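Please keep the sequence and the structure in view while reading.

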Amino acid sequence: MPQVPQTLDALAVRTWCGLALEALGRAREEIDAINVYPVADGDTGTNLYLTVESAAAAVEAVFAGYETVAEAGGDRPASDRPASDGTFTDSTFTDGYESAVVTGDEGAAAVSHDASPLGAGTRRPTLADAVQAMAHGALIGARGNSGTILAQLLRGMAQVLATDSETAHTDGQGLRLALRRAADSARQAVAHPVEGTVLTVASAAADAATGAEGDCGVVARAAYEGARAALLATPGQLAVLERAGVVDAGGRGLVAVLAALVQTFTGEAPGALTVPVEAHARVHESVTHVTGVGDVDTDGCSAGRSDAHPDGCSDVCVDGAPEGSGPAFEVVYLLEAEDAAVARLRDRLDGFGDSLVVVGGDGLWNVHVHVDDAGAAVEAGIEAGRPYRIRITHFGLGDVHTGGTAGRPPRERAQRAVVAVVPGEGLAGLYTEAGATVVLARPGEPPASGELVEAVRRAHAREVVLLPNDADLRHTAAAAAEQARAEGVRAALIPTRSAVQGIAALAVHEPERRFDEDVVAMTSAAGATRYAEVAVAERQSWTMAGICQAGDVLGLIDGDVAVIGSDLTATAETVLDRMLAAGGEMVTLVVGDDAPDAVAAHLEARVRESYLAVDTVVYRGGRQGALLLIGVE
């Protein structure tokens with residue numbers, strides 16, 4: 001039997017996240033299939049998977065940070081890892097060693113070195129490091145109500161486990177307390193809790209754990225068994241589930257997560273829990289009975305606005321409104337705001353629409369709502385604080401959120417599509433105009449493979465070309481391509497390292513060509529484009545061009561720091577001259593929001609005066625991380 005963690009520590013959290021992700025990956029389609037109320041969205045399993053994927057990635061980032069310290073011999077902190085600001089660490093130049101340290105307040109948990117100082121005998125994250133990263137990752141990656149409630153469950157656990165005294169909560173008693181706080185905090189987040197949902201399953205798990213005496217393995221198994229029994233009872237609590245012959249989808253996902261917790265501490269996974277085969281055949285029949293019902297949501301709260309609850313749900317509500325009566329848009333964003341401002345935001349958004357989700361705390365929140373006026377929902381967020389990662393989805397006429405699909409033929413698949421990751425809103429608009437399906441990656445917030453898979457599904461094409469536009473996203477994109485192939489989509493990955501290489505590839509894209517020929521042409525165009533960026537160093541770091549200080553302007557060519565300067569325009573000109581020294585026909589400049597207005601005009605003039613027969617094109621990139629991106633074809 002493989003060695004398993006004996007106590008609740010950082011390694012146990014890491015193992016649990018990995019096993020939970022695997023479990024949800026196996027169960028995702030089954031959970032999607034039993035998601036029947038209030039509409040047959042078929043996305044609960046996917047939402048849970050994406051939420052846990054984000055949590056697991058945040059935990060891995062913390063471990064990678066400590067491993068980088070050990071690799072560097074304790075000379076410099078791991079936070080010197082190359083970031084979107086262009087700064088680098090010593091680990092970048094060690095025999096190909098790579099790690100993904102995430103810093104900043106928007107992408108994941110920053111690595112704390114206080115608990116394991118440089119030179120200490122051990123360089124492993126504390127339990128507090130790991131659970132805080134897990135909760136934060138789940139919060140920023142939460143999808144749908146099911147994912148949001150799971151994020152709240154993990155946040156509740158972290159509130160117990162992330163204490164000053166680590167030994168106080170590393171045993172079975174600590175796990176019991178954490179599961180109790182998780183269930184209670186999730187229930188408190190729901191304005192009108194309904195039994196027969198994931199909230200019922202979570203409470204049953206905590207109740208069962210409370211009565212268990214023993215180590216973490218004993219407590220985890222008791223929680224799993226209690227949750228499993230409660231899940232099997234959910235059809236008797238919700239008529240919609242009984243008609244469909246299925247259990248609650250959100251609760252089914254939570255049982256999978258708890259099964260992973262059992263495996264973490266015992267090394268053995270509990271027996272498989274499957275939905276009866278006949279239940280799937282009854283799912284679509286049950287959908288017709290759901291129309292117009294406004295009583296409960298399978299994710300834990302009342303759906304719609306009934307006489308019993310005229311104010312609807314203020315914290316967590318439904319993934320979608322009842323068929324035929326839902327708003328036209330789904331608006332989702334992360335929000336940095338004070339508690340008082342968020343309380344006012346809840347009240348305001350509650351009057352705009354339904355399916356309102358506001359979860360989080362300590363200044364960072366996840367907001368989800370269905371409305372008819374998407375602009376008003378975003379403006380409300382701006383008034384409350386700083387919204388970012390804004391996603392607005394229009395529910396089309398054939399979508400279950402806005403009306404029934406009976407009698408409507410399925411949307412025809414396109415022959416070919418391009419899915420691209422882009423670093424700013426300006427480039428997102430450019431790529432969209434060129435026909436690509438876009439995944440927006442903000443500074444410090446790299447997308448997970450599940451987000452790319454979602455984009456592939458959204459593209460709805462038989463053939464898909466993936467453009468990661470970032471060297472660090474190549475493996476993420478490869479995983480997405482593999483999943484797309486498993487779903488019957490012909491997928492090709494072009495390993496673009498910068499958005500300017502993606503622009504070059506997109507420029508030669510011809511959907512009418514044979515797939516292989518199109519991929520070869522796009523790959524050739526991307527490979528023939530040198531790329532650079534100009535950014536400002538946030539801290540002192542070692543680079544290929546020497547030691548830079550905080551505030552220095554860095555010019556990176558093909559991923560390496562080549563120029564260190566004090567003036568943005570002068571540094572950009574030096575970088576451009578070095579790139580054009582080897583020749584070129586086209587210069588692409590992508591200017592970020594924080595770059596001076598005059599820099600693009602200066603560089604255009606430089607090219608015009610010094611390099612004959614070289615054309616220049618300028619785009620506005622928005623908040624793209626780097627001040628300036630440069631491409632030379």
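## Helix H12 and its cap

Helix H12 spans residues 374–384, and its buried residues are Ala374, Ala376, Ala377, Val378, Ala380, Gly381 and Ala384. The model that shows this is a predicted one.

The N-terminal end of H12 is capped by Asp373. A side-chain oxygen of Asp373 lies 3.1 Å from the backbone nitrogen of Ala376, and Ala376 is itself among the buried residues of the helix.

## Asp9, before helix H1

Asp9 is placed in the segment before helix H1, which covers 10–33. The side chain of Asp9 reaches the backbone nitrogen of Ala12 at a distance of 2.9 Å.

Although Asp9 is buried, it has no salt bridge.

## Arg187 in helix H5

Helix H5 comprises residues 172–188, and Arg187 is part of it. Arg187 has a relative accessibility of 23% and therefore counts as partly exposed.

Apart from neighbours within four places in sequence, Arg187 is in contact with Pro193, Glu195, Leu199, Thr200 and Ser203. Within this group, the backbone oxygen of Leu199 is reached by the side chain of Arg187 at 3.4 Å. Thr200 stands 13 residues from Arg187 in sequence, and the two C-alpha atoms are 8.9 Å apart in space.

## Cavities

How many cavities of 30 Å³ or more does the structure hold? There are 4, and the volume of the largest cavity is about 130 Å³. This largest cavity is lined by 14 residues, of which Leu153, Leu179, Ala182, Leu254 and Leu258 are the closest to its centre.

Helix H4 (144–161), H5, helix H6 (198–210) and helix H9 (249–266) each supply at least two residues of that lining. The most is given by H4, with 4 residues.

## Salt bridges

The count of salt bridges in the model comes to 26. One of the pairs is Arg28 with Glu487, whose closest N and O atoms are 3.6 Å apart. Arg28 belongs to helix H1, while Glu487 sits in the loop between helix H15 (474–486) and strand S8 (490–493), so the bridge ties together parts that are 459 residues apart in sequence. Arg28 is buried because its relative accessible area is 12%, under the limit of 20%. Glu487, at 31% relative accessibility, counts as partly exposed.

A salt bridge also joins the side chains of Arg606 and Asp577, at 2.9 Å from N to O. This pair links distant parts of the chain: Arg606 lies in helix H19 (residues 598–610) and Asp577 in helix H18 (residues 568–580), 29 residues apart. Arg606 is partly exposed, with 26% relative accessibility.

Arg514 counts as exposed, with a relative accessibility of 54%, whereas Glu517 is partly exposed, with a relative accessible area of 40%.

How values were computed. Residues numbered from 1 in each chain as written. Predicted model: local features only at pLDDT ≥ 70, side-chain atom pairs only at ≥ 80, totals over all residues. Heavy atoms only, no water. Buried < 20%, exposed > 50% of the residue type's maximum accessible area, 1.4 Å probe, protein only. Contact = heavy atoms within 4.5 Å. Polar contact = N/O pair within 3.5 Å; in protein donor to acceptor, adjacent residues only side chain to side chain. Lys, Arg positive; Asp, Glu negative; His and termini not counted. Salt bridge = Lys/Arg side-chain N within 4 Å of Asp/Glu carboxyl O. 1 Å grid on protein atoms, 1.4 Å probe; cavity = no way out; pocket = protein on both sides within 12 Å on 5 of 7 lines; lining within 4 Å. Points joined across faces, edges and corners; volume = space filled by probe spheres on them.
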